[in-house]
Amino acid sequence: MNHFSAAQRSRVTMLDVAERAGVSKASVSRFIGDDRALLSDAIALRIEQAIEALGYRPNQMARGLKRGRTRLIGMLVADIRNPYSIAVMHGVETACRRHGYSLVVCNTDRDDEQERQHLAALRSYNIEGLIVNTLGHHLDQLLELQREMPLVLVDRKVEPLHSDLVGLDNPAAVRMALEHLQQQGYRDVLMVSEAADGTSSRLERQASFIAEIDRRPGLTGRVLELDAALENNLHTFLAKPGAKALFCANGIAALACTRALKTLGCHLFDDVGLLALDDLDWYPLVGSGITALAQPTEAIGASAFDCLLKRLRGDSDPTRTLDFLPELIVRGSTRRL
């Protein structure tokens, strides 16, 4: 077997293969393309042997551009450090690979200028479709891209974009959380969330929480957004009488609350209960474990790509919204009182 460096392979051309095999350049093109069946077995074998001997690797990007297809899917995420984003991205990438596509991921880092630059870059890569998980502050660019290719939203609505949306059933998730806490004997619930900042999923969870509290006799609660005063706010909440619990609206809020409670010297989870939306690897390691509502992130990512693939194949049905239900995983942080 011959071993070639990437630099050596890049210098080998289709013409080199043709000369080695004693065939035309067109025959080599047919062999590495979709017309291999047009070649005789003898010619195909000679070309195959020449490719192996020279270490030739075709330029897939150039081939795609020539055919008008790159088989590249773009994905724009607001924060690649967020465990939710990573898990969804993995689901998208796995589904892409299964169908012969490659994924190009751009992280905006919650910065509008980064988002603008990344959208321009993705367009220059000639992606065939786009999956978006951002606030969508650059609507003009997104609308322009939507006119050129299918676009699917994940988790966050961008109202002017009439696109398929895949995410969590937020009202159902909040209802499941409060039902569990109430059944376990908690009577005062503090929902801790990242600042809404126009993010539709955060706004939806907060609104659902307030509505659920209003319709549940014997249960009180309010929403607290993460800021520098978190420790002071939690100290005030802990000082209140009665059975208390925190409902963290995502993994980032859960981590911030766990750190703050430890700093305050709170006895986890005797002084306060805790339930978090998202199920992260470290939850079972804290005290007797953190109860979680696990999002089916792999399924969300795979479904986002599936929606995109259907549009790429000509599906012109009305836009659809796919809302997934979470799974309640009970651990010691919500022990029955």
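The axes of helix α2 (residues 14-21) and helix α3 come within 8 Å and cross at roughly 110°, where axes are lines fitted to C-alpha atoms, for helices over the stretch in contact, and angles run from 0 to 180 degrees between N-to-C directions. That makes α2 roughly perpendicular to α3, a label given to angles of 65 to 115 degrees, while angles under 35 count as roughly parallel, those over 145 as roughly antiparallel and the rest as oblique. This is a predicted model, in which local features need pLDDT of at least 70 and side-chain atom pairs count only at pLDDT 80 or more, whereas totals for chains, interfaces and linings use all residues. Residues are numbered from 1 along each chain as its sequence is written, and side-chain values use heavy atoms, with hydrogens and water left out.

- By class, the contact of α2 with α3 has 5 nonpolar, 1 polar and 1 charged residues; here Ala, Val, Leu, Ile, Met, Phe, Trp, Tyr, Cys and Pro count as nonpolar, Asp, Glu, Lys and Arg as charged, and the others, Gly among them, as polar.
- Helix α3 (residues 25-32) also packs with helix α4 (residues 41-54), at an angle of about 85° and with the axes 10 Å apart, and α3 and α4 are therefore roughly perpendicular to each other.
- On the α3 side this contact uses Ser-27, Val-28, Phe-31 and Ile-32, and on the α4 side Ala-44, Ile-47, Glu-48 and Ile-51; the residues of the contact of α3 with α4 divide into 6 nonpolar, 1 polar and 1 charged.

**Domains**

- The protein chain is assigned domain 1 (14-58), domain 2 (70-167 + 298-325) and domain 3 (170-295), with bounds that come from an automatic or database domain assignment.
- The centres of domain 1 and domain 2, taken over C-alpha atoms, are separated by 37 Å.

**The sheet with parallel pairing**

- Strand β1 (residues 72-77) runs parallel to β2 and is joined to β2 by 6 bridges, and the bridge partner of Val-77 in β2 is Asn-107.

- Another open sheet is formed by 6 strands in the order β7-β6-β8-β9-β10-β12, and the pairing in it is mixed.
- β7 (220-225) and β12 (327-329) are the edge strands, each with a single partner strand, so one side of each is left without a neighbour in the sheet.
- From one strand to the next, the twist averages 20°.
- Strand β9 (residues 273-277) pairs with strand β10 (residues 291-294) in the parallel sense over 3 bridges, and Leu-275 has Thr-291 as its bridge partner in β10.
- Helix α12 (residues 251-263) packs on the sheet, touching β6 (188-193), β8 (244-248) and β9, and the direction of α12 makes about 140° with that of β8.

**Salt bridges and backbone details**

- A search of the whole structure finds 22 salt bridges, each defined as a side-chain nitrogen of Lys or Arg within 4 Å of a carboxyl oxygen of Asp or Glu.
- In one of them, Glu-194 pairs with Arg-110, the closest N and O atoms being 3.1 Å apart, and the pair links distant parts of the chain, 84 residues apart: Glu-194 lies in the loop between β6 and α10 (200-214), and Arg-110 in the loop between β2 (102-107) and α7 (112-124).
- Arg-110 also has a positive phi of about 60°, although it is not a glycine.
- A cis peptide bond, with omega about -5°, joins Leu-268 and Phe-269, and Phe-269 is placed in the loop between α12 and β9.

Conventions:
Two strands pair if DSSP finds at least two bridges between them. Helices (H or I, at least four residues) and strands (E, at least two) are DSSP runs, numbered from the N terminus. Contact means heavy atoms within 4.5 Å.
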